[in-house]
Amino acid sequence: MGGSKVKAFVPAPGTCVPWRIKKEEFGDLLGNEEIVKGEWEKLDTFAYAFIWFWVQR
């Protein structure tokens with residue numbers, strides 16, 4: 001319906017939600033963006049591995 005900000009994307013292999021998409025959702029970040037990016041990428045990698053583990057069972 002009208003106001004959805006969700007964009008369709010195809011993530012790269014090994015990711016669920018790439019940083020470029022998540023950064024748009026966050027908007028302006030205060031502080032060191034590289035720290036947030038690094039933590040997001042670690043979390044995203046864990047989520048991908050977790051999902052992959054359960055799908056392959």
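Tutor: Trp-52 has a relative accessible area of 48% and is therefore partly exposed (buried means under 20% relative accessible area, exposed over 50%, partly exposed in between, with a 1.4 Å probe and protein chains only). This is a predicted model, in which local features need pLDDT of at least 70 and side-chain atom pairs count only at pLDDT 80 or more, while totals for chains, interfaces and linings use all residues. Residues are numbered from 1 along each chain as its sequence is written, and side-chain values use heavy atoms, with hydrogens and water left out.

Trp-52 forms a stacked aromatic pair with Tyr-48, at 6.4 Å centre to centre and with 10° between the planes. Rings of Phe, Tyr and Trp (its six-membered ring) pair if their centres lie within 6.5 Å; planes under 30 degrees apart count as stacked, over 60 as edge-to-face and the rest as tilted. Tyr-48 and Trp-52 are about one helical turn apart, because four residues separate their positions in helix H2 (helices are DSSP runs of H or I with at least four residues, strands are runs of E with at least two, and both are numbered from the N terminus). Tyr-48, at 30%, is also partly exposed. By the pairing rule there are five aromatic pairs, and one aromatic cluster consists of Phe-46, Phe-50, Phe-53 and Trp-54.

Next comes the partner helix.

On the H1 side, Trp-19, Lys-22, Lys-23 and Phe-26 meet Glu-33, Val-36, Lys-37, Trp-40 and Glu-41 of H2 (contact means heavy atoms within 4.5 Å). Within this set, Lys-22 is buried, at 17% relative accessibility. Not counting residues up to four places away in sequence, Lys-22 touches Val-17 and Trp-40.

The loop between H1 (19-26) and H2 (33-55) holds Leu-29. Leu-29 is partly exposed, at 26%. Apart from neighbours within four places in sequence, Leu-29 is in contact with Trp-19 and Val-36.
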